[in-house]
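Hello,

Here is the structure I promised to pass on. My notes follow below it.

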Amino acid sequence: MNPSPHDRSLTSKLSAVAATAVLVPAASGAVTLSRTITPSGIAAPTAPGSVVWDVDNDGMDDFQLEHSAITFISATFGLFDDQNGGRLVAPTGATLGGIAKLPDGATVGPVLGPAYKFHANVQSFNSITYKGAVGVGAAAGGWKVGDVGNFGFKFESGGQEHFGWGKLALMGTPKGAGFQIQEAYYEAQPGQAIQVGATSPIPEPSSLALLAAGAAGLACYRRRLQKD
């Protein structure tokens, strides 16, 4: 029996549901948004001082963003420093500080590409800006004023390492700050690498169930049509 126009419309809708189900990512990890970064981002303060970034909001500071003013030489720095187990991905050649500008698809994890590294020790004067220009730490990674690019990091939670990436805007102004973390994501599974650009968590179980039900319904309906 040939399907009616109504049947053909229903088949088309169920096919769309099934196609969506096929696109569900494999449950190999759980990318998590750092909710300590507000929609307006996080940046060093406009006046001398600092703010901390606790990536997973567990009560332990992972990084510090500082507006540093050295008055006797009229110098102002915007600093992005390590705290506790937090470390930024740096260029291999950086001896102090450094923040690498990473391409989409780069892997941040226990093993990095040959051009990148994590410093073994805390970096406490990692300059992103200097008097409104690019600081030494950012320049080492190929950043310039006006860039919006990717950076990588790791931090500790519950005594275990987690890896992540974020989006950094380097504006240069206001002097003494001049950079902003716009968003950041990390892998919720400790010790597991993350790809730069990965933002989607695994769908909720209820969503997976709905998609599976749609696919099963389509298969059942097609069998009925063939039998008729």
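In the protein chain, 60% of the contacts with a separation of 6 or more are between residues 24 or more positions apart. Contact here means heavy atoms within 4.5 Å.

Please keep the source in mind: this is a predicted model, where local features need pLDDT of at least 70, side-chain atom pairs count only at pLDDT 80 or more, and totals for chains, interfaces and linings use all residues. Residues are numbered from 1 along each chain as its sequence is written, and side-chain values use heavy atoms, with hydrogens and water left out.

**Overall**

The protein chain has three helices and 14 strands. Both are DSSP runs, numbered from the N terminus: helices are H or I with at least four residues, strands are E with at least two. The chain has 228 residues, and 41% of them are buried. Buried means under 20% relative accessible area, exposed over 50%, and partly exposed in between (1.4 Å probe, protein chains only). The chain exposes about 11,600 Å², with carbon and sulfur atoms supplying 57% of that area. The areas come from the Shrake-Rupley method with a 1.4 Å probe; for residues, only the protein chains shown count as cover.

**Strands**

Five strands make an open sheet, in the order β3-β4-β5-β9-β10, with antiparallel pairing. Two strands pair if DSSP finds at least two bridges between them. β3 (49-53) and β10 (133-134) stand at the edges with a single partner strand each, so one side of each has no neighbour in the sheet. Strand β9 (residues 127-130) and β10 run antiparallel and are joined by two bridges. There, Thr 129 is opposite Val 134 of β10.

Strand β6 (residues 87-91) is worth a look. Five of its five residues are buried, so the rest of the structure largely encloses β6. Two bridges join β6 to β11, antiparallel. Arg 87 has Lys 154 as its bridge partner in β11. Three bridges join β6 to strand β8 (residues 116-118), again antiparallel. Val 89 stands opposite Phe 118 in β8.

**Aromatic rings**

The structure holds 15 aromatic pairs. Rings of Phe, Tyr and Trp (its six-membered ring) pair if their centres lie within 6.5 Å; planes under 30 degrees apart count as stacked, over 60 as edge-to-face, and the rest as tilted. Phe 63 and Phe 153 form an edge-to-face pair, at 6.1 Å centre to centre and 85° between the planes. Phe 63 lies in strand β4 (residues 63-70) and Phe 153 in strand β11 (residues 148-157), so the pair ties together parts 90 residues apart in sequence. Phe 63 is buried, at a relative accessible area of 0%. Phe 153 is buried too, at 0% relative accessibility. Phe 151 and Phe 153 form a tilted pair: 5.9 Å between centres, 35° between planes.

Ring pairs also build a cluster from Trp 53, Phe 63, Phe 80, Phe 151, Phe 153, Phe 155, Phe 179 and Tyr 186.

**Charges**

A search of the whole structure finds three salt bridges. The criterion is a side-chain nitrogen of Lys or Arg within 4 Å of a carboxyl oxygen of Asp or Glu. Lys 101 pairs with Asp 147, the closest N and O atoms being 3.1 Å apart. This pair links distant parts of the chain, 46 residues apart: Lys 101 is in the loop between β6 and β7 (107-108), Asp 147 in the loop between α2 (136-140) and β11. Lys 101 is partly exposed at 30% relative accessibility, whereas Asp 147 is buried at 7%. Asp 147 also bridges to Lys 144, at 3.3 Å between the closest N and O atoms.

Lys 154 and Glu 161 meet in a salt bridge at 3.0 Å, N to O. Lys 154 is buried at 14% relative accessibility; Glu 161 is partly exposed at 32%.

Two of these lysines also meet rings. The charged end of Lys 101 sits over the ring of Trp 143, 5.8 Å from its centre. That of Lys 154 sits over the ring of Phe 118, 4.7 Å from its centre. The test requires NZ of Lys or CZ of Arg within 6 Å of the ring centre and within 35 degrees of the ring normal.

Best wishes
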